[in-house]
Amino acid sequence: MKKKFSFLICSILWVLLVSGCQQNLTKPDYDENTKNTVDYTPEEVAQEESDEKLAVTFIDVGQGDAVLIKQGQEACMIDTGLYYEYDSVKEELQRQDIYTLKYLFLTHPDADHIGSADLIIENFDVKNVVMPNVKSDSKTYSYLEKAIGTYAVPVIYPETGNTYEIGESSIMCVAPKKITDNKNADSLILKLTYDNTGFLFLGDAPGQETDQVTDDISADVVKLAHHGSAQDEANSYELLQKIHPEYAVVSCGKENMYGHPHKETMDILQNLQVKLYRTDMQGSITSYSDGNTITWNKEMCTDYSGGK
């Protein structure tokens with residue numbers, strides 16, 4: 001009798017245990033309209049959102065220019081800074097997980113704009129080099145030519161109006177209209193457009209070049225010409241009125257020997273109430289666009305003083 005009773009108790013416990021396990025194994029109820037039941041971390045969500053935006057990074061390369069542009073799965077660069085600033089450029093590319101550049105735009109052959117170009121070509125997958133058909137007898141330029149030849153990188157000499165796609169954004173060559181014997185006046189002027197937002201990159205263009213531009217160069221953000229110089233009528237009041245930017249970026253070295261940015265340029269920006277960012281005081285700076293609104297990873301600079 002005791003054995004029968006014990007068997008009965010064990011049977012009841014077994015049924016309850018199995019029922020409990022089956023209940024735990026039942027799939028949770030989901031709304032049939034639910035498309036995604038995967039939980040993402042805030043970091044993953046932020047990364048996904050940033051991948052959809054246009055990101056423009058003004059890399060701090062001291063007294064020089066280097067801009068990294070990424071939209072979707074494609075990226076390009078405008079200028080590279082001096083050769084000894086290569087590590088700064090490399091670190092930013094790697095930080096953004098970029099190892100392929102669809103285009104490497106080189107605005108003109110001055111060393112502070114092309115100095116790291118040969119090393120970038122050697123260490124990253126550069127699909128095309130875009131630069132004006134302007135030669136230089138400098139060692140820096142010879143290193144660039146050698147790297148282009150060694151790695152068989154196609155070279156594009158753009159004409160005004162030519163457009164290059166980066167993801168869903170596009171870059172149009174606005175200038176030069178013609179090649180002269182003045183390297184600064186032969187600078188590529190490039191306009192980046194992403195939906196309803198625009199960025200203008202002036203290289204080292206002086207007034208004699210920008211005065212000849214007939215295309216629409218209005219932009220939300222302008223990378224000032226020649227590190228904020230006022231020499232040769234660069235960054236003139238008339239030019240900045242024509243661009244009508246909300247933001248201006250100065251790429252220059254801290255306490256550089258040229259006094260960049262010049263006080264005259266800073267006064268114009270302040271008078272036009274243009275919001276300012278500058279690499280000499282803020283380091284590398286990234287701007288984001290969702291196609292309608294532009295945001296920044298840093299607070300705007302309130303110091304409109306000229307260089308020392």
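Two strands are said to pair if DSSP finds at least two bridges between them. Strands themselves are DSSP runs (E, at least two residues), as are helices (H or I, at least four), and both are numbered from the N terminus. With these terms in hand, strand S1 (residues 54–58) and strand S2 pair in the antiparallel sense over 5 bridges, and Leu54 has Gln71 in S2 as its bridge partner. The structure is a predicted model, in which local features need pLDDT of at least 70, side-chain atom pairs count only at pLDDT 80 or more, and totals for chains, interfaces and linings use all residues. Residues are numbered from 1 along each chain as its sequence is written, and side-chain values use heavy atoms, with hydrogens and water left out.

On its other pairing, S2 is joined to strand S3 (residues 74–80) by 6 bridges, and these two strands run antiparallel. Here Val67 has Ile78 in S3 as its bridge partner. The hairpin of S2 and S3 has 2 residues between the strands, and in it Gly72 takes a positive phi near 65°. These strands belong to an open sheet of 8 strands with mixed pairing, in the order S8-S7-S5-S3-S2-S1-S16-S17. Its edge strands, S8 (155–156) and S17 (294–296), each pair on one side only. S17 is joined to strand S16 (residues 285–289) by 3 bridges in an antiparallel arrangement, with Ser289 standing opposite Ile294.

S14 runs parallel to strand S13 (residues 221–223), to which it is joined by 3 bridges; Val222 has Ala248 as its bridge partner.

Charged side chains come next. A salt bridge is a side-chain nitrogen of Lys or Arg within 4 Å of a carboxyl oxygen of Asp or Glu, and the count comes to 11 salt bridges. One of them links Lys102 with Glu74, whose closest N and O atoms are 3.4 Å apart. Lys102 lies in the loop between strand S4 (100–101) and strand S5 (103–105), and Glu74 in S3, so the pair ties together parts that are 28 residues apart in sequence. Lys102 is partly exposed at 24% relative accessible area, and Glu74 is partly exposed at 28%.

Helix H3 (residues 86–95) holds both Asp87 and Lys90, 3 residues apart, about one turn of the helix. Their side chains meet in a salt bridge (3.8 Å, N to O). Arg95 and Glu92 also both lie in H3, 3 residues apart, and their salt bridge has an N to O distance of 2.6 Å. Of this pair, Arg95 is exposed at 56% relative accessible area, whereas Glu92 is buried at 10%.

Key
Buried < 20%, exposed > 50% of the residue type's maximum accessible area, 1.4 Å probe, protein only.
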